[in-house]
Amino acid sequence: MDKKVELQVLNISNSQAQVGAYAMVLGEVDGERQLPIIIGPAEAQATAICLKGIKAPRPLTHDLFYSCLNVLGATLLRVLIYKAKEGVFYSYIYFKKDEEIIRIDARTSDAVALAVRADCPIFIYESILERECIRLTDGDERPDTPEEDENSRTEPVSIISLEEALNKAIQEENYELAARLRDEINRHK
């Protein structure tokens with residue numbers, strides 16, 4: 001079986017690859033590999049405010065879900081990113097209720113938003129991380145805090161993830177986005 005590697009949220013910032021989206025960078029705990037994941041604004045906000053320790057005046061969706069779990073006596077054990085296909089990451093959330101372990105399929109952005117609330121580990125299979133990761137090189141620095149500057153461009157974007165996003169934009173006939181992605185790919189080459 002494939003070894004599991006623990007990840008942590010390093011940064012969330014505006015995505016340079018997709019307008020209106022955000023890039024969440026997960027980093028290998030005690031390692032150099034990083035995994036950029038494109039997420040929506042709601043999930044970016046939910047994760048960032050939790051990391052910063054900000055309390056919303058009313059519960060956000062992830063807060064509500066986490067509260068429901070607690071009231072029902074379930075404990076969030078871990079998140080596992082189990083698959084990556086065409087730039088989309090797939091995750092399971094593992095809960096424990098009484099003596100039963102329950103596995104639920106979830107979007108990775110939602111799973112991470114819950115994991116930061118529950119302070120539970122986030123794992124990925126070694127083979128997926130190795131295939132999808134980017135590596136820090138000499139001279140690159142790991143951010144000091146995950147939420148350092150939401151508007152800074154600190155997320156490294158790989159050509160492969162840009163090309164996958166480009167193919168998806170073309171399939172969805174979003175040609176404006178496809179043109180921007182093409183230009184971004186050309187800038188990286």
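The structure is a predicted model, in which local features need pLDDT of at least 70 and side-chain atom pairs count only at pLDDT 80 or more, while totals for chains, interfaces and linings use all residues. Residues are numbered from 1 along each chain as its sequence is written, and side-chain values use heavy atoms, with hydrogens and water left out.

The protein chain contains six helices and eight strands, where helices (H or I, at least four residues) and strands (E, at least two) are DSSP runs numbered from the N terminus. Along the sequence these elements follow the pattern β-β-β-α-α-β-β-β-α-β-α-β-α-α. Of the 189 residues, 42% are buried, a term that means under 20% relative accessible area, with exposed being over 50% and partly exposed in between (1.4 Å probe, protein chains only). Among contacts with a separation of 6 or more, 58% are accounted for by residues 24 or more positions apart, a contact being heavy atoms within 4.5 Å. The chain exposes about 10700 Å², of which carbon and sulfur atoms supply 49%, with areas taken from the Shrake-Rupley method with a 1.4 Å probe.

The eight strands form an open sheet with mixed pairing in the order E6-E5-E4-E7-E1-E2-E3-E8. Strand E6 (100-107) and strand E8 (134-135) stand at the edges with a single partner strand each, so one side of each is left without a neighbour in the sheet. Two strands are taken to pair if DSSP finds at least two bridges between them. Strand E4 (residues 74-85) runs antiparallel to strand E5 (residues 88-97), and ten bridges join them; Leu76 has Phe95 as its bridge partner in E5, and Leu80 stands opposite Tyr92 in E5. Two residues lie between the strands of this hairpin, in which Glu86 takes a positive phi near 55°. E4 also pairs with strand E7 (residues 122-125), here in the parallel sense and over three bridges, with Ile124 in E7 as the bridge partner of Ile81.

How many aromatic pairs does the structure hold? There are four, counted where ring centres of Phe, Tyr and Trp (its six-membered ring) lie within 6.5 Å, with planes under 30 degrees apart called stacked, over 60 edge-to-face and the rest tilted. Tyr82 and Tyr92 form a stacked pair, at 3.9 Å centre to centre and 10° between the planes, and this pair links Tyr82 in strand E4 with Tyr92 in strand E5, ten residues apart. Ring pairs join Tyr82, Tyr90, Tyr92 and Tyr94 into a cluster. Tyr92 is buried, with a relative accessible area of 17%, and Arg103 lies over its face at 4.0 Å from the ring centre. The charged end of Lys83 sits over the ring of Tyr90, 4.5 Å from its centre; such a placement requires NZ of Lys or CZ of Arg within 6 Å of the ring centre and within 35 degrees of the ring normal.

Ser15 and Ile39 are 24 residues apart in sequence and 8.7 Å apart in space, C-alpha to C-alpha. As for the cysteines, the count of disulfides is zero, a disulfide being a pair of cysteine sulfur atoms within 2.5 Å. Cys50 is partly exposed at 25% relative accessibility, and Cys68 is partly exposed at 36%.
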